[in-house]
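Here's a quick briefing for anyone opening this structure for the first time. Take a look at the sequence and the model, then read on.

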Amino acid sequence: MQDIIDNFFNFDILIRSRVLLLGGLFMTLRLISFSVLLASGFGLVLAVFRHARIRFFDPIIILYINLVRAIPGIVMLMLIFYVLPFTGIRMSPFWALTSAVAFTGGAYYAEIFRGGLSAVPRGQTEAARASGLTFIQTTRYVILPQAMRIILPPLTTNTVELIKATSIAAVVALPDLLWQALQAQATTMNSTPLTAALILYLIILLPLVELIRYLEGRMKTDY
Amino acid sequence: MHDFVKYFLNFDIMQKAFPYLLSGLWVTIKTGISVVVFGFFVGVLLAVVNVGCHRLKYGSPINFLIRIYVDLLRASPYLVLLMLAYFALPFVGITLSAYQATVLTFGACLSAFAEEILRGSIEGIDKGQTRAARSLGLSFLQTMRYVVLPQAIRISIPPLTNRTVAITKGIALASAISLSELLKQARWTQGQYANPSPLIAATLLFILLFLPLIRITFYVEKKWGKGL
């Protein structure tokens, strides 16, 4: 027992590695913010295009979504970071990771948003337009509130997955939380930094997971 | 253009790398199957125990423990858990091989998701079924096994297959702990030949592996997602 505490919950080593861990935490927070924003924006645009059923874009978007679902995120990252430079597109590790995560997550977001958009009956749009609302007013006051209730649980789940995906930054030596924790672990020969990193991730993600539980519970009792 | 082909579609190098990639693919498939079997088995177990303990007078601690297990695993990044399992556990005497660490980590994560999905399905089944079965004299376990679970599993299949594909893709992460799966072999041969063609070949193999699974998921969702 004492062994476990010394190795995983060693306060001394935690204090000694606090600089590394805090730096990693800030990098991770930056990664998360950019990735989530880019992915949801991208996904929303794709969903709107698919919902509008423009004949030209449909097959391209479907192909894109299927490809992204078939390729693991880390492979996508490898492609963007190691292969793309050969075509001249060179990115910093930060943007390579952000774009990899945003492309992968964006496809899932697109599917979720599209599900929400198509779940609202067409009659709603027709009635709203017939009552004199403009397209933007219809979307804002009639469509979106209804769509939001449906998509909120899978949306939160996907956001959690996205945040978890940013941890693969360690693979391209981007100094995020996990990478710094591994460095600290290597230099101190103690696993406390890793435990600290896990706990920090949990602090960010557990509230979201509980939110998912709450939202799913609400969805059930809504009949 | 010639440069592009020389770097990305170098069939010569792809050919040389192919045996390695193929063995990597096999390891990925093997690990995937282990993860799925382990995850489903533990997930079903936990779901049944969770539902069963709800009715017991002193069952709440078990419910609480299961909820902690599930929430922790749902909220933890796979790579962090993998690193803990592979690099940290040896410090307390538990040394796992890359394969064991991978199966344990991803199996546990899958079991958490599977438990949630199954529990939702089980609770979604009309209570009349359980009442009828119990009043006919079936025990709790018999009710579960012959009446509730078959229906619950059928309903869970769409979200379950979705989640399973997502977690199986995560096995590529195990390349970071030197498990000789497809991505690791690709990166190794890429280093050997100083050419990214093996990575392109590996991507195609991944697509070859996962696209059918995703189409099956889609088909299953269409067929069984519309309810009974």
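**Chain A at a glance**

Of the 223 residues in chain A, 42% are buried (20 or more other C-beta atoms lie within 10 Å of the residue's own; exposed means 12 or fewer, partly exposed is in between, and C-beta atoms are placed from the backbone). Keep in mind that this is a predicted model, where local features need pLDDT of at least 70 and side-chain atom pairs count only at pLDDT 80 or more, while totals for chains, interfaces and linings use all residues. Residues are numbered from 1 along each chain as its sequence is written, and chains are lettered from A and ligands numbered from 1 in the order in which they are written.

**Layout of chain A**

- Chain A has 10 helices and zero strands (DSSP runs numbered from the N terminus: H or I with at least four residues for helices, E with at least two for strands).
- Along the principal axes, the C-alpha atoms of chain A fill a box of roughly 70 × 50 × 25 Å.
- Take the contacts in chain A with a separation of 6 or more: 78% of them join residues 24 or more positions apart (a contact means C-beta atoms, placed from the backbone, within 7 Å).
- Helix α5 of chain A, residues 73–83, is mostly covered, with eight of its 11 residues buried; among them are A:Gly73, A:Met76, A:Leu77 and A:Phe81.

**Where the chains meet**

- The contact takes 33 residues from chain A and 31 residues from chain B.
- On the chain B side, the elements giving two or more residues are α1 (2–8), α3 (60–75), α4 (78–88), α7 (140–170) and α9 (197–224).
- That side of chain B divides into 25 nonpolar, three polar and three charged residues (Ala, Val, Leu, Ile, Met, Phe, Trp, Tyr, Cys and Pro count as nonpolar, Asp, Glu, Lys and Arg as charged, and the others, Gly among them, as polar).

**The core**

- The largest nonpolar core has 117 residues, and A:Leu77, A:Ala197 and B:Leu82 have the most contacts inside it (a core is a set of buried Ala, Val, Leu, Ile, Met, Phe, Trp, Tyr and Cys residues joined through C-beta atoms within 7 Å).
- Setting aside neighbours within four places in sequence, A:Ala197 is in contact with A:Leu21, A:Leu177, A:Leu178, A:Ala181 and B:Val80.

**Two helices of chain B**

- Helix α2 (residues 11–55) and helix α5 (residues 98–124) of chain B pack at about 40 degrees, with their axes 6 Å apart (axes are lines fitted to C-alpha atoms, for helices over the stretch in contact, and angles run from 0 to 180 degrees between N-to-C directions).
- That makes α2(B) oblique to α5(B) (under 35 degrees is roughly parallel, over 145 roughly antiparallel, 65 to 115 roughly perpendicular, and the rest oblique).
- The contact of α2(B) with α5(B) involves 16 nonpolar, eight polar and two charged residues.

**Residues to look up**

- B:Ile155 lies in helix α7 of chain B and is buried, with 20 other C-beta atoms within 10 Å.
- Beyond its neighbours within four places in sequence, B:Ile155 is in contact with B:Ser121 and B:Gly124.
- A:Met189 isn't a glycine, yet its phi is positive, about 55 degrees; it sits in the loop between α9 (177–188) and α10 (192–220) of chain A.
- B:Ala194 also has a positive phi, near 50 degrees, and its place is the loop between α8 (182–193) and α9 of chain B.

Note on methods. Contact = placed C-beta atoms within 7 Å.
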